[in-house]
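Have a look at it first, and then we'll go through some of its parts.

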Amino acid sequence: MKLANVRPLSFYTKRSSGLHILLVLLACGLSWFSWNAGEKQRKINIKLIQSSVRVDMVALPQRTLKELAAIQSRPASVAAKKEEVAPAPKRVEVPDKGNEFLKKGKVVKKKSLAELLKGYSAKKEVAKKVKKVSQPQEGLSNKEKRLLEGLIKSGNKVQEGDSLVGNGSAEVSTAVESYARKLSQVIKPFWTIPSYLADKELQTRIRVFISSEGRVVRATVYESSGDEEYDKRALEAVKKASPFPVPEEKISKSVLSGDILLGFPL
Amino acid sequence: MIRNLLVLLFILTLSVGADEGLTVVAVGKADIEKDGLIISRAGLTGTLTDNEKGLVSKYEKLAKNDFSFYKERFNLHNSQSHDSKATAKDYDSLASSGVRYFILNKFEKIRPDTFKVNSELYSVRNKELLESVSTSFSSFDYRKRVHEANDTLFQKMTGKSSIFRSKVVFVSDKGSTRSRGIKELYMMDFDGGNVKKLTNHRGNIISPALNFDGSKVLYSLIKNSKSKKRNINLYILDIRTGESRVVSSRKGINSGAFFMPGGESIALTMTHQGNAEIYSLNLKSGDARRITKHYQPDVDPSINASGSKMAFLSGRSGGGKPMIYTADPNGLEKNVKRISYVGKFNATPRFSADGSEIVFASWLDNRFDIFRIDENGANLHRLTKDFGSNEDPTYSNDGQFIAFSSQRVISRSKAVQNIYIMTRDGDILGQITKSMGNCSTPRWSK
């Protein structure tokens with residue numbers, strides 16, 4: 001080995017570090033690029049969920065619109081407590097022709113569920129009829145029996161809905177979705193706009209990053225309405241409503257990474 | 001080198017792996033903040049009699065009362081005195097107290113008991129004069145002038161027309177004696193002022209209906225005669241001339257009339273062919289055309305503003321429970337659709353101004369209450385509760401309010417019935433008729 005060819009150590013250090021820096025930069029660039037591509041993918045994966053309850057009517061409503069509105073605007077701490085309503089099975093044809101009526105779209109908080117059920121005394125009759133009809137049929141499988149029992153228990157009339165217009169298609173919600181629903185209930189009371197924005201049909205979407213304690217770490221405008229004031233009001237509503245219910249541990253990571261978008265109004 | 005590549009790959013997989021999709025949740029429609037509104041007076045010069053002072057304050061009180069109907073939209077602040085035009089400084093202090101508009105009334109005495117008033121509307125947000133209306137008034141016409149000026153100002157603020165110019169016709173038993181009960185037709189401003197008696201039949205008037213420009217009323221009359229064959233005939237009254245004439249005197253009942261758009265023909269219930277059916281009747285020729293044909297009774301038609309849909313009551317579902325149906329009034333039994341499936345006794349379906357909703361009365365817990373339903377049968381809502389027995393709902397011209405009659409039982413033999421106004425969501429604003437006897441069947445001009 002010729003000594004003449006040996007360069008000082010600093011020369012190699014410089015080269016090596018230069019190469020490494022380049023590699024790191026390349027890695028950063030690539031990952032940024034792929035993350036962006038992922039974001040695009042995420043956009044396609046957007047799933048709009050809305051919270052509502054479908055109510056099938058068998059009698060005139062006992063509660064007035066005002067009473068229902070009062071229940072709805074109650075802070076969602078109550079809503080957070082309420083039990084999950086299992087997606088009800090398909091509606092059973094009740095042998096009571098013409099006396100049932102689909103009331104779709106009205107958003108009713110589940111807090112009132114028990115009272116609603118109590119209110120619809122007629123409902124019980126319907127449920128009883130179902131039972132009577134079902135008894136002579138020996139051939140019911142256990143699964144069907146359980147379904148029917150669950151149906152009777154739930155009054156056959158109230159089930160979890162999944163959209164504001166209540167198209168009634170029962171979907172099993174994920175933990176993130178049910179948490180997101182809670183958020184929308186918590187934020188709703190704080191969501192106000194001045195009258196001059198009311199008729200403009202604006203829409204904005206806010207992306208929220210929520211810590212495992214339910215605090216809003218960050219809230220950004222994901223899709224702007226084009227109106228500064230409107231976006232500002234939506235952000236304010238989110239901030240005022242914080243802190244939110246504590247997310248379950250299994251979803252805390254995705255909630256923190258901003259998987260939830262809040263649509264104002266959709 | 002290989003290690004570097006590995007690291008790179010690791011970073012790449014990390015960023016891609018985080019992709020699970022976003023969840024959008026709808027927060028829903030925002031509550032709309034009320035606009036702060038101040039109505040104030042600029043300095044009034046000259047010496048005034050007590051009468052004149054009273055007239056000016058009546059004008060102001062009425063102006064505020066108009067806007068108080070729209071309490072979901074406006075928050076009326078107490079007026080302060082502004083002696084001249086608003087200054088920039090004023091705007092800022094007003095804006096900080098939540099005021100978005102203010103109206104400055106400048107009164108000027110032009111003759112004894114007659115004033116000129118210039119109403120200036122300012123937008124606090126844009127710091128500018130939006131509108132200026134001037135009118136003159138005396139004690140005879142100040143109500144009309146206030147309502148007209150306010151309607152202009154309201155339109156400027158909201159871009160929509162108001163109820164301020166609208167009228168309500170109704171039936172009252174004022175003047176009845178113990179032995180002779182009479183019900184005559186009256187008309188009033190939407191706020192209960194300016195009551196005018198329209199008829200003097202000394203009989204019982206039922207089911208009035210106003211045409212679209214509020215110039216004519218249809219009504220049916222049960223005459224106070226001793227004869228057993230009392231026919232219920234349909235009349236039309238020209239409000240401007242005060243003349244009334246019989247439109248239909250077919251055998252049996254001719255009632256529940258409703259103007260079709262254009263005002264040339266009407267829909268009504270007649271029983272001359274035996275069963276109660278709904279007919280369309282040309283006012284000029286008197287020719288009748290059947291709209292419904294069913295062995296069960298069909299009554300109480302109400303037509304939407306475009307004339308494409310008719311809501312009515314029918315017993316065709318059986319069980320002795322009248323249900324609400326819609327149909328195309330331009331044909332015979334055309335596009336009949338059942339709207340209501342519940343209720344022991346549904347009555348008086350009426351379309352909203354835009355035809356998207358139907359308000360009706362239904363029997364629940366031993367009384368009538370008011371309910372609302374979309375014209376396609378969705379979204380059934382209860383509007384009144386624990387407020388006496390409520391019947392005869394009628395939408396306002398802008399669709400934001402519903403007038404109805406409410407009856408309270410005072411003792412076993414006595415009950416009072418008055419007309420009330422509520423918002424379309426059932427927030428009751430107050431009693432409109434006062435010391436007018438028992439008032440029923442309000443019909444709001446469109």
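## Chain B at a glance

Take the contacts in chain B between residues at least 6 apart in sequence: 42% of them join residues at least 24 apart. Keep in mind as you read that this is a predicted model. Chain B has four helices and 31 strands. Of its 446 residues, 50% are buried. The chain exposes about 20700 Å², with carbon and sulfur atoms supplying 48% of that area.

In soluble globular proteins, nonpolar side chains tend to be buried together. Here, the largest nonpolar core has 41 residues, and Phe67(B) and Met157(B) have the most contacts inside it. Helix 2 of chain B, residues 50-69, gives the most to this core, with seven residues. Domain 1 (35-158) and domain 2 (167-444) of chain B both contribute residues, so the core lies between them.

What does Phe67(B) touch, once you leave aside its neighbours within four places in sequence? Its contacts are Leu37(B), Ile39(B), Phe74(B), Leu76(B), Ile103(B), Asn150(B), Phe154(B), Met157(B) and Phe164(B). Apart from this core lies another one, of 31 residues, and Val176(A), Ala180(A), Val216(A) and Phe264(A) are among them.

## Helix 4 of chain B

Some of those contacts of Phe67(B), including Asn150(B), Phe154(B) and Met157(B), turn up again among the buried residues of helix 4 of chain B.

Helix 4 of chain B covers residues 142-158, which is 17 residues, and reaches 24 Å from its first C-alpha to its last, close to the 24 Å expected at 1.5 Å a residue.

Over in chain A, helix 7 runs from residue 175 to 187. Its 13 residues should span 18 Å at 1.5 Å a residue, and the end C-alpha atoms are 19 Å apart, which agrees. Is this helix enclosed or open? Twelve of the 13 residues of helix 7 of chain A are buried, so the helix is largely enclosed by the rest of the structure. Among the buried ones are Val176(A), Tyr179(A), Ala180(A), Leu183(A), Val186(A) and Ile187(A), along with Glu177(A) and Arg181(A).

Helix 8 of chain A (residues 228-241) has 14 residues and reaches 20 Å between its first and last C-alpha, close to the 20 Å expected. Its buried residues include Tyr230(A), Asp231(A), Leu235(A) and Val238(A). What do the buried residues of helix 8 of chain A pack against? They meet helix 7, strand 5 (192-194), strand 6, strand 7 and strand 8 of chain A, together with strand 2 (31-33) of chain B.

Strand 6 of chain A (residues 204-210) runs antiparallel to strand 7 of chain A (residues 216-223), and six bridges join them. Within this pair, Arg205(A) has Glu223(A) as its bridge partner, while Ile210(A) stands opposite Val216(A). The hairpin has five residues between the strands, and Gly214(A) takes a positive phi near 90 degrees there. Strand 6 of chain A is also joined by five bridges to strand 8 of chain A (residues 260-264), again antiparallel, with Ile206(A) opposite Leu262(A).

Seven of the seven residues of strand 6 of chain A are buried, so the strand is largely enclosed by the rest of the structure. Both faces are covered, with Thr204(A), Ile206(A), Val208(A) and Ile210(A) on one side and Arg205(A), Arg207(A) and Phe209(A) on the other.

## A buried loop residue

Phe244(A) is found in the loop between helix 8 and helix 9 (249-256) of chain A. Buried counts as under 20% relative accessible area, and Phe244(A) has 5%, so it is buried.

Not counting residues up to four places away in sequence, Phe244(A) touches Tyr179(A), Leu183(A), Val186(A), Ile187(A), Ile210(A), Glu213(A), Gly214(A), Val216(A) and Val238(A). Glu213(A) is 31 residues away from Phe244(A) along the chain, yet their C-alpha atoms are separated by 8.1 Å.

How values were computed:
Residues are numbered from 1 along each chain as its sequence is written. Chains are lettered from A and ligands numbered from 1 in the order in which they are written. This is a predicted model: local features need pLDDT of at least 70, side-chain atom pairs count only at pLDDT 80 or more; totals for chains, interfaces and linings use all residues. Side-chain values use heavy atoms; hydrogens and water are left out. Helices (H or I, at least four residues) and strands (E, at least two) are DSSP runs, numbered from the N terminus. The expected span of a helix is 1.5 Å times one less than its number of residues. Buried means under 20% relative accessible area, exposed over 50%, partly exposed in between (1.4 Å probe, protein chains only). Contact means heavy atoms within 4.5 Å. Accessible areas come from the Shrake-Rupley method with a 1.4 Å probe; for residues, only the protein chains shown count as cover. A nonpolar core is a set of buried Ala, Val, Leu, Ile, Met, Phe, Trp, Tyr and Cys residues joined through side-chain atoms within 4.5 Å. Domain bounds come from an automatic or database domain assignment. Two strands pair if DSSP finds at least two bridges between them.
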